[in-house]
Every structure is written in structure tokens, then in C-alpha cells.
Amino acid sequence: DDSPAGEAWADEVPLRRKGAWVSSQRGSDDAGGDAEAQAHGRGRAAVAAPRDAPTLEKMAEMESQLAGFERQCERSLREISEKQSETFDLLFGFLSELQGRQAKLEESINVLIRNVGGGGGCG
């Protein structure tokens, strides 16, 4: 034998494609192999067996739940939008009030400056 002793076993072991060994070791009722084998890439993803498929009633229930979630999300988004609009309205109201008060203050200061400046000064 010309091959090194460490490689002699390779001639005796039949080659199999990746995942074939794990799938050939499974029982007939095991659809996807164990979690450890799949975590290490030595198995196939589980395929839903017909007995695992959801029934029409279950599908309808799931669709109803999904529609409920959609309505709830839309309602929540609408409520958030309304609260943001209220907040912006309040902020713009405050801003308008401040601008009005600033204009009155400027007018009062201008009146005082004219009265004091036109009166000739103190004393």
C-alpha cells in the first residue's frame, strides 16, 4: 500500500453528499432532523407535513387576528397623529401669543422713548 496510514480509512468510507448521512439516519416519522444537526448544518430544514398544515378554520382565525392587528395599528397611528397635531397647535398658539406680546412690548417701549426723548430730559 503506497498511501500513508492516516489516509487508508478514506478509501473504505463511502462518500455521501452533505446532509445525506444525517437524513439516512432519521426515522420515517422525523421530518427535519434534530436541532443540533441543523444548527451545525448537517440536516435539512423541516418540511411541514400535511398533518401539520393549518386547517381552513385556523387560517381564517389567523387572518382575522391579522386584520385586528392592522386595525389596531391604524387606530394607534391615527391617535398619535392627532396628539401630535394638538401639540403643534398648542405650540403655534403659544408662539402667536408671544409674538403678540412682543409687539405690544415694543410699541410700549417706543411710546416711552418718544415721551422721554421729546420731554427734554431730566432736571
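These questions and answers go through a predicted model of one protein.

Me: Which element of the protein has the highest mean pLDDT?
Reply: The protein as a whole averages a pLDDT of 75, and 54% of the residues score at least 70. Among the elements, helix α2 (residues 20-24) has the lowest mean, 48. The highest mean, 95, belongs to helix α4 (residues 56-118).

Me: Over which residues is the pLDDT below 50, and how many contacts does this stretch have beyond near neighbours in sequence?
Reply: Where pLDDT is low, predicted coordinates should not be read in detail. The stretch with pLDDT below 50 covers residues 20-32. In the model, its contacts beyond near neighbours in sequence number 16.

Me: What percentage of the residues in the protein is buried?
Reply: A residue counts as buried under 20% relative accessible area. The protein has 123 residues and exposes about 11,100 Å², of which carbon and sulfur atoms supply 56%. The buried share of the residues is 7%.

Me: Is L90 buried or exposed?
Reply: L90 is found in helix α4. It belongs to a nonpolar surface patch together with F88, L91, F92, F94 and L95, and the patch has about 660 Å² of accessible area. The cut-off for exposed is over 50% relative accessible area. L90 has 52% relative accessibility, so L90 counts as exposed.

Me: Which residue forms a salt bridge with E97?
Reply: A search of the whole structure finds 2 salt bridges. The closest N and O atoms of the pair are 3.0 Å apart, and the partner is R101.

Me: How far apart are the closest N and O atoms in the salt bridge of E107 with R114?
Reply: E107 is partly exposed because its relative accessible area is 44%. R114 is exposed, with 53%. A salt bridge requires a side-chain nitrogen within 4 Å of a carboxyl oxygen. For E107 and R114, the closest N and O atoms are apart by 3.9 Å.

Terms used. Residues are numbered from 1 along each chain as its sequence is written. This is a predicted model: local features need pLDDT of at least 70, side-chain atom pairs count only at pLDDT 80 or more; totals for chains, interfaces and linings use all residues. Side-chain values use heavy atoms; hydrogens and water are left out. pLDDT is the predictor's confidence in each residue, from 0 to 100. Helices (H or I, at least four residues) and strands (E, at least two) are DSSP runs, numbered from the N terminus. Contact means heavy atoms within 4.5 Å. Buried means under 20% relative accessible area, exposed over 50%, partly exposed in between (1.4 Å probe, protein chains only). Accessible areas come from the Shrake-Rupley method with a 1.4 Å probe; for residues, only the protein chains shown count as cover. Patches are made of residues with over 30% relative accessible area and no salt bridge: like charges are joined within 9 Å, nonpolar side chains (Val, Leu, Ile, Met, Phe, Trp, Tyr) within 5 Å.
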